[in-house]
Amino acid sequence: MRKKAQVMNLRTSDAVEDTKKRIRLVSGRQIIVDSTEKEERIQFVEPQGEIAMTVRMTDAGPVITVQGAHLELKSTESITLEAKKIEMRADEEAAVKSNGSLEVTSAKNMDIHSSDEIRVN
C-alpha cells in the first residue's frame, strides 16, 4: 500500500517572511525549500550536509544540479539532449557504446585531437 505524500502549501507571504523551509526525512536527509525575489530553490541535502541535488527556478528558466558518485539516466525508449552547446568532460575515461549502429554527424568541421595515438579499427 502506497502512502500519500504530505503537501506543503507555500504562500508568497510565508516565503517572504521565512525564506527557508526544511523537511527532515527519516533517513537523515533534508529537503530545503527557499524562495527569494530572483529564484525559488529546492535542495536535497545528505545527512553529512552535502548537497546532492538542487533545482532552481530562475527568470532565465530552470537549472538542475546533481552531485554524487553516480548519475544514471535510463529510458525504455529514448533520451534526447538538445541545446545550443553540449559539452561532456571526464577526468579519467569517456566511452560511447552502442549494441546497434552508431552515427556521428556534423554540419561543419569535425576535429579529433589526441596527445597520443588515434586508432580506427
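**Close-up 1: Glutamate 87 and its partner, lysine 85.** Glutamate 87 is partly exposed at 49% relative accessibility, a class that runs between buried (under 20% relative accessible area) and exposed (over 50%), using a 1.4 Å probe and protein chains only. Its side chain meets that of lysine 85 in a salt bridge (3.7 Å, N to O), meaning a side-chain nitrogen of Lys or Arg within 4 Å of a carboxyl oxygen of Asp or Glu. Lysine 85 is exposed, at 65%. This is a predicted model, where local features need pLDDT of at least 70 and side-chain atom pairs pLDDT 80 or more, while totals for chains, interfaces and linings use all residues. Residues are numbered from 1 along each chain as its sequence is written, and side-chain values use heavy atoms, leaving out hydrogens and water.

**Close-up 2: A salt-bridge network.** Asp34, Glu39, Arg41 and Arg56 are linked by salt bridges. Aspartate 34 pairs with arginine 41 (2.8 Å, N to O); aspartate 34 is buried at 6%, whereas arginine 41 is partly exposed at 24%. Arginine 56 meets glutamate 39 (2.9 Å, N to O). Glutamate 39 is buried, at 15%, and arginine 56 is partly exposed, at 28%. Searching the whole structure turns up seven salt bridges.

**Close-up 3: What lines the largest pocket.** Among the lining residues are Leu81, Ile86, Met88, Arg89 and Glu93. By class, the lining has nine nonpolar, no polar and three charged residues; Ala, Val, Leu, Ile, Met, Phe, Trp, Tyr, Cys and Pro count as nonpolar, Asp, Glu, Lys and Arg as charged, and the others, Gly among them, as polar. A pocket here is an open set of points on a 1 Å grid over the protein atoms alone, where a 1.4 Å probe fits, with protein on both sides within 12 Å along at least five of seven lines; lining residues have an atom within 4 Å of a point.
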